[in-house]
Amino acid sequence: MRIAVLSLQGAFIEHERMLRSLGADVFEVRELADWHQPKDGLVLPGGESTTQAKLLGDLNLLDPIRADIEAGLPVFGTCAGLILLAKDIEGKPERRLATMDISARRNAYGRQLGSFHTEAEMEGVGSIPMTFIRAPYIEGVSGSAKALATVDGHIVAARQGNQLVTAFHPELDTDTRVHAYFMDMMR
């Protein structure tokens, strides 16, 4: 299984380590030539969604990535990756992938000091540790999107067909089950 990891900014190295520990072949996407390599899936890491969206546009990656996701390429977005995939976000609109029928609220838990760790159930995975860092949450799902986890009444994980998002950072914990769930989606 070969997985592309968007490596423009954010916590991509942590995703790479976790995926490799599960036996995946991982490569970084930093430019358009990288994107054209064979792949079975894509990970969009946490970080700064505005910066990542700008770089995706500047590097001519936005449209090819969107087209491949819409054609069925499995994708897993954490935190900023969730914002990149959301069709709706509160605040000023920005150019992003916008392939998933979810509405996201940026920095919903406040600034860095609002970061926290908890444990909660995720459908199809079980009770898992969840680390939130300046995290968004999902205000609503529509179409075929389905909520998979909630914390304090807010949706923090969702799936729509080949797309998986989490507001938390499973790559920052030692539990590999969310990444394994994503790899199962690719099979």
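Reader: Which residue does R2 form a salt bridge with, and how do I read that?
Author: A salt bridge is a side-chain nitrogen of Lys or Arg within 4 Å of a carboxyl oxygen of Asp or Glu. Here R2 pairs with D25, and the closest N and O atoms are 3.0 Å apart. The pair links distant parts of the chain, since R2 sits in strand 1 and D25 in strand 2, 23 residues apart. Helices (H or I, at least four residues) and strands (E, at least two) are DSSP runs, numbered from the N terminus. One caution: this is a predicted model, where local features need pLDDT of at least 70, side-chain atom pairs count only at pLDDT 80 or more, and totals for chains, interfaces and linings use all residues. Residues are numbered from 1 along each chain as its sequence is written, and side-chain values use heavy atoms, with hydrogens and water left out.

Reader: How many salt bridges does the structure hold?
Author: It holds 12. Another one joins K54 and D58, with the closest N and O atoms 2.6 Å apart. Both residues lie in helix 3, 4 residues apart, about one turn of the helix.

Reader: Is K54 buried or exposed?
Author: Buried means under 20% relative accessible area, exposed over 50%, and partly exposed in between (1.4 Å probe, protein chains only). K54 has 52%, so it is exposed, while D58 is partly exposed at 49%.

Reader: Where do D63 and R95 lie?
Author: D63 lies in helix 4 and R95 in the loop between strand 5 (86-89) and strand 6 (100-105), so their pair ties together parts that are 32 residues apart in sequence. Their closest N and O atoms are 3.1 Å apart. Salt bridges that share partners join D63, R66 and R95 into one network.

Reader: Which residues of helix 1 are buried?
Author: In helix 1 (residues 12-21), those are F12, H15, E16, M18 and L19. They pack against strand 1 (2-6), strand 2 (25-29), strand 3 (41-44), strand 4 (75-78) and helix 6 (177-186); contact means heavy atoms within 4.5 Å.
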